[in-house]
Amino acid sequence: MFIIEATYDIDELLRYNFHIHTTFSGCAKPDMILKDIVAEAERCGLEIIALTDHSNLGDNLRVVSENTPLLREQLAAVETDVKVLIGSEISAYGVGKYSETKEFCETLDYRLYSQNHYHLSFWEQPEDKSPRGYAVHMLAVLEELFKSGRADCVAHPFSGGYIRTLSEEEKLKVPDCITDNELGDILEKGERAGCAWEINAGEFCFLSKFSKRYWDIGREVGVHFNFGTDGHTLKNVDTRGFAGIIKDIIK
Ligand SMILES: [Zn+2]
Ligand SMILES: [Zn+2]
């Protein structure tokens, strides 16, 4: 389901931050407490934020279904004009494989799906472990995800940054292995499934060559883009610092 109207105005996209982790994600800094995140969002003039803690499998992991009611309780105690969505960064860890049931996902305000956390032990790996092999695997995971109708947005799409078996140089090649036709096709399938595509601040700037293609084809197809900083510390709640570099990449 789309949260905002489709827009290609960067300043408008940056009024929202759809990817923020709280201390319920093991990787977030201790300052990521709901009330402080909301205060920082308000200070930065953000209109909507989404809290997207990781949903993973395995031992010693925090459980999103247990944390969600706690975040809702914390939110109820905060007075703010910022619209706060309690969501999750859910793992689509293989073709048709998800870390949460569809029933639970439907209780969330925002369902952001990761399709490329290949560094995690439970993640399905493709048989073909070349950059192209990983790209094809990501496309297959997304295709199935869109058929399931589960997702509101795809997190850091096509980034190869989490693939442990590839060299730094090969990781960079992963998104470039996707042809324009494949990209247009999958972007359109996401749009038809009511799923937005993330402009992940870090990855979008890092993969600037691919990002330009992603933006241009996405715009041509008419997709919804959602911006997110993937904030793990309070100073990453603010989106405004990314305006210049993003405008530079897409021009
Ligand atoms: Zn992620
Ligand atoms: Zn994240």
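**Close-up views of a predicted model**

**View 1. Leu234 sits in the loop between strand S8 (225-228) and helix H10 (243-250).** Helices (H or I, at least four residues) and strands (E, at least two) are DSSP runs, numbered from the N terminus. This is a predicted model, in which local features need pLDDT of at least 70, side-chain atom pairs count only at pLDDT 80 or more, and totals for chains, interfaces and linings use all residues. Residues are numbered from 1 along each chain as its sequence is written, while chains are lettered from A and ligands numbered from 1 in the order in which they are written. Leu234 is partly exposed, with 18 other C-beta atoms within 10 Å. For that label, a residue is buried if 20 or more other C-beta atoms lie within 10 Å of its own, exposed if 12 or fewer, and partly exposed in between, with C-beta atoms placed from the backbone. Leu234 and Ile33 are 201 residues apart in sequence, yet their C-alpha atoms are 8.8 Å apart in space. Leaving aside neighbours within four places in sequence, Leu234 is in contact with Asp31, Met32, Asp36, Ile37 and Glu40. Contact here means that the C-beta atoms of two residues, placed from the backbone, lie within 7 Å.

View 2. Who are they? Leu34, Ile37, Val38, Glu40 and Ala41 are the buried ones in H2. An α-helix has 3.6 residues a turn, so residues three or four places apart point the same way. Among what covers the buried residues of H2 are strand S1 (16-20), strand S2 (48-55), helix H3 (64-76) and strand S3 (83-94). After H2 comes Gly45, with a positive phi near 75°.

**View 3. S1 and S2 run parallel and are joined by three bridges.** Two strands pair if DSSP finds at least two bridges between them. Tyr16 stands opposite Ile48 in S2. To get from S1 to S2 the chain goes through H2, and this β-α-β crossover is right-handed. Right-handed means that, with the strands pointing away from the viewer, the path from the first strand over the helix to the second runs clockwise. Seven of the eight residues of S2 are buried, so S2 is largely enclosed by the rest of the structure.

**View 4. S3 pairs with S2, S5 and S4.** S2 and S3 run parallel, with eight bridges joining them; Leu51 stands opposite Ile86 in S3, and His54 stands opposite Glu89 in S3. S3 is mostly covered, with ten of its twelve residues buried. Strand S5 (residues 110-114) pairs with S3 in the parallel sense over five bridges, where Ser91 has Ser114 in S5 as its bridge partner. Strand S4 (residues 97-98) pairs with S3 in the antiparallel sense over two bridges, and Ala92 stands opposite Tyr98 in S4. S3 and S4 form a hairpin with two residues between them, and Gly96 in the turn has a positive phi of about 75°.

**View 5. His156 and Phe158 have positive phi values without being glycine.** His156 has phi near 25° and is found in the loop between strand S6 (153-155) and helix H6 (168-173). Phe158 has phi near 70°, and its place is in the loop between S6 and H6. Buried or exposed? His156 is buried, with 25 other C-beta atoms within 10 Å, and Phe158 is buried with 24.

**View 6. The largest nonpolar core has 67 residues.** A nonpolar core is a set of buried Ala, Val, Leu, Ile, Met, Phe, Trp, Tyr and Cys residues joined through C-beta atoms within 7 Å. Ala50, Leu112, Tyr113, Ala135, Leu142, Cys153 and Val154 touch the most other members. Helix H5 (residues 131-148) gives the most to this core, with eight residues. Setting aside neighbours within four places in sequence, Ala135 is in contact with Phe158, Val174, Cys177 and Ile178.
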